[in-house]
Amino acid sequence: MEVDERPVVGVIMGSDSDLPVMRQAVETLVQFGVPHEVTIASAHRSPDRTHLYAASAIERGLKVIICGAGWAAHLAGVVAASTILPVIGVPLSSSPLSGLDALLATVQMPSGVPVSTMAMNGARNAAILAIQILALSDNGLAEKLRALKTSLAEGIDEKNSGLGMLLGKA
Ligand code: RP5
């Protein structure tokens, strides 16, 4: 059986300086075995490239787009303006305002053009949300997400086991 390795998730960031955070999205997609592509495109510095990327995303096979940007972060909104694919925005804390500017620019979209906005630097959650969207029609991914939930709960069980020690009641 041939495996389709065409990217289904696009990860865009405004600059290579965003990579230390956005790498977490890429690593999560790798962990779940989701074919993806990674691109640098800036809403302000390369508007044509950004528009072309978004406008051609569906015909290239993408299903979800993740956008990470800092400062006046219009990347996710501009991408959402040019595609009907779901767009997930990751505001990055790279500016002197510690990302508050990016958060507001990403989350405060006008009616009709939604961007699903993650927490500041929430690149891993962006990938998990993208996988959840894909899992609506992919049982293999749904199974992996259930395993993630189980491991999260086990992590809390472990923390409870260690609580007595932390409280000095060994
Ligand atoms: C934004 O400007 C990028 O997303 C980045 O967070 C910020 C600064 O970019 P550089 O000056 O580091 O290239 O477009």
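1. Start with helix α5: its buried residues are covered by, among others, β1 (9-13), α1 (19-31), β3, β4 (87-91) and α6. Here helices (H or I, at least four residues) and strands (E, at least two) are DSSP runs, numbered from the N terminus. Keep in mind that this is a predicted model, where local features need pLDDT of at least 70, side-chain atom pairs count only at pLDDT 80 or more, and totals for chains, interfaces and linings use all residues. Numbering runs from 1 along each chain as its sequence is written, and side-chain values use heavy atoms, with hydrogens and water left out.

2. Which residues of α5 are buried? A123, A126, A127, I128, A130, I131, L134 and A135 are, buried being under 20% relative accessible area, with exposed over 50% and partly exposed in between (1.4 Å probe, protein chains only).

3. Now α5 against α6: α5 (residues 123-135) and α6 (residues 139-161) pack at about 135°, axes 8 Å apart. That angle makes α5 oblique to α6; under 35 degrees would be roughly parallel, over 145 roughly antiparallel, 65 to 115 roughly perpendicular, and the rest is oblique. Axes are lines fitted to C-alpha atoms, for helices over the stretch in contact, with angles from 0 to 180 degrees between N-to-C directions.

4. On the α5 side, R124, I128, I131, Q132, L134 and A135 make this contact, meeting L141, A142, L145 and L148 of α6 (contact meaning heavy atoms within 4.5 Å). By class, that gives eight nonpolar residues, one polar and one charged. Ala, Val, Leu, Ile, Met, Phe, Trp, Tyr, Cys and Pro count as nonpolar, Asp, Glu, Lys and Arg as charged, and the others, Gly among them, as polar.

5. How do α1 and α5 pack? At an angle of about 35°, with axes 7 Å apart. V21, M22, Q24, A25, T28, L29 and Q31 of α1 touch A123, R124, A127, I128 and I131 of α5. This contact has eight nonpolar, three polar and one charged residues.

6. Last, a look at C67, which sits in strand β3 (residues 64-69). C67 is buried, at 2% relative accessible area. Leaving aside residues up to four places away in sequence, C67 touches I12, M22, L75, A76, V79, V87, I88, G89 and V90.
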